[in-house]
Amino acid sequence: LDIVRREPLEADLVICFDVLIHQHEYETYRAFVRELVNAARKVAIINGFEVPRNGRVRSKNCAYHEPLTQTLTELGEEVPMKIIGPFRNSLVVQIDRRSA
């Protein structure tokens, strides 16, 4: 995330699908998750791996670092997380900042 900006990105609704699974560097993955959550004023809906895809941690196109729910918890996300369900070998999670 080598984005240079003067003001933080913000939106009422942040949706991110099929991006986190392609982050091969652990630090980039975690920074990306943090940016997504911080950008959401109300709700974020994101997907990521909860378990390694097909038992593999890494492939040419995809990478698994840790469960998405673990990443969100470790980043200090204290707002409610709701598991929406599976999506193409990943997990869809909703973060509701309205109740925070």
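Reader: What is the relative accessible area of Glu74?

Author: Glu74 has a relative accessible area of 45%, so this residue is partly exposed. The label follows from cut-offs: buried means under 20% relative accessible area, exposed over 50%, and partly exposed in between, with a 1.4 Å probe and protein chains only. Before we go on, note that this is a predicted model, in which local features need pLDDT of at least 70 and side-chain atom pairs count only at pLDDT 80 or more, while totals for chains, interfaces and linings use all residues. Residues are numbered from 1 along each chain as its sequence is written, and side-chain values use heavy atoms, leaving out hydrogens and water.

Reader: Which residue forms a salt bridge with Glu74?

Author: First, the general idea: side chains of opposite charge can pair when their charged atoms come close. The rule here asks for a side-chain nitrogen of Lys or Arg within 4 Å of a carboxyl oxygen of Asp or Glu. Glu74 meets this rule with Arg30, and their closest N and O atoms are 3.1 Å apart. Because Glu74 lies in helix 2 and Arg30 in helix 1, the pair ties together parts that are 44 residues apart in sequence. (Helices are DSSP runs of H or I with at least four residues, strands are runs of E with at least two, and both are numbered from the N terminus.)

Reader: How many salt bridges does the count come to?

Author: The count is 6. One of them joins Lys42 and Asp12, with 4.0 Å from N to O. Here Lys42 belongs to strand 2 and Asp12 to strand 1, 30 residues apart. Lys42 is partly exposed at 39%, and Asp12 is partly exposed too, at 36%.

Reader: How many helices and strands are there in the protein?

Author: There are 2 helices and 4 strands. Read from the N terminus, the elements run β-α-β-α-β-β.

Reader: In what order do the strands of the open sheet stand?

Author: Strands of a sheet pair through backbone hydrogen bonds, either parallel or antiparallel. Two strands count as paired if DSSP finds at least two bridges between them. In this open sheet of 4 strands the order is 1-2-4-3, and the pairing is mixed. Strand 1 (11–16) and strand 3 (81–87) each have a single partner strand, so one side of each is left without a neighbour in the sheet. From one strand to the next, the twist averages 15°.

Reader: Which strand pairs with strand 1?

Author: Strand 2 (residues 40–48) pairs with strand 1 in the parallel sense, over 5 bridges. Within that pairing, Leu13 has Val43 of strand 2 as its bridge partner. Helix 1 (residues 26–39) packs on the sheet and touches strand 1, strand 2 and strand 4 (90–96), with a direction about 145° from that of strand 2. Such angles run from 0 to 180 degrees between N-to-C directions, using axes fitted to C-alpha atoms, for helices over the stretch in contact.

Reader: Is Cys16 buried or exposed?

Author: Cys16 counts as buried because its relative accessibility is 6%. This residue lies in strand 1. Contact means heavy atoms within 4.5 Å. Leaving aside neighbours within four places in sequence, Cys16 is in contact with Phe32, Leu36, Ile45, Ile46 and Asn47.

Reader: Which residues are in contact with Thr71?

Author: Leaving aside neighbours within four places in sequence, they are Tyr29, Arg30, Val33 and Glu66. Thr71 is in helix 2 (residues 68–74) and is buried, with a relative accessible area of 0%.

Reader: What share of the residues of the protein count as buried?

Author: Of the 100 residues, 40% are buried. Among contacts between residues at least 6 apart in sequence, 63% join residues at least 24 apart.
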